[in-house]
Amino acid sequence: MPTYDYECTSCGHAFELFQKISDRHLEKCPKCNKKVRRLIGSGAGIIFKGPGFYATDYRKGSKNDPAKAKGPACPKLKEGCNACQPPK
């Protein structure tokens, strides 16, 4: 069940109410018994527990990733051109 934020239009009392989605909106302030408005909330919060979460933790990568392949980067290397290679 979500938590809804309310604020009284008369006395300014702000409070949260834990209620079902199907429940009717609260209409009266619990302090002054006047009209309240429901505020737009940020929704449900996400709580991460543990040592840390990173974008790379669940990344599915291939071991044969062409970007990480160890091989000649220059296509002319196969033809005998050594201009791209560091001196030995």
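Colleague: How many helices and how many strands are there in the protein?

Modeller: This is a predicted model, in which local features need pLDDT of at least 70, side-chain atom pairs count only at pLDDT 80 or more, and totals for chains, interfaces and linings use all residues. Residues are numbered from 1 along each chain as its sequence is written, and side-chain values use heavy atoms, with hydrogens and water left out. Helices (H or I, at least four residues) and strands (E, at least two) are DSSP runs, numbered from the N terminus. The protein has zero helices and three strands.

Colleague: Which strands does β1 join through bridges?

Modeller: Two strands pair if DSSP finds at least two bridges between them. Strand β1 runs antiparallel to β2 (residues 14-18), with five bridges, and antiparallel to β3 (residues 36-38), with three bridges. Glu7 has Ala14 as its bridge partner in β2, while Tyr6 has Arg38 in β3.

Colleague: Where do the side chains of β1 point?

Modeller: In a regular strand the side chains alternate between the two faces of the sheet. In β1 (residues 3-8), Tyr4, Tyr6 and Cys8 point to one face and are buried (under 20% relative accessible area, 1.4 Å probe, protein chains only; exposed is over 50%, partly exposed in between).

Colleague: Which residues form the largest nonpolar core?

Modeller: In soluble globular proteins, nonpolar side chains tend to be buried together. A nonpolar core is a set of buried Ala, Val, Leu, Ile, Met, Phe, Trp, Tyr and Cys residues joined through side-chain atoms within 4.5 Å. Here the largest has six residues: Tyr4, Tyr6, Cys8, Phe15, Cys29 and Val36. Strand β1 gives the most to this core, with three residues.
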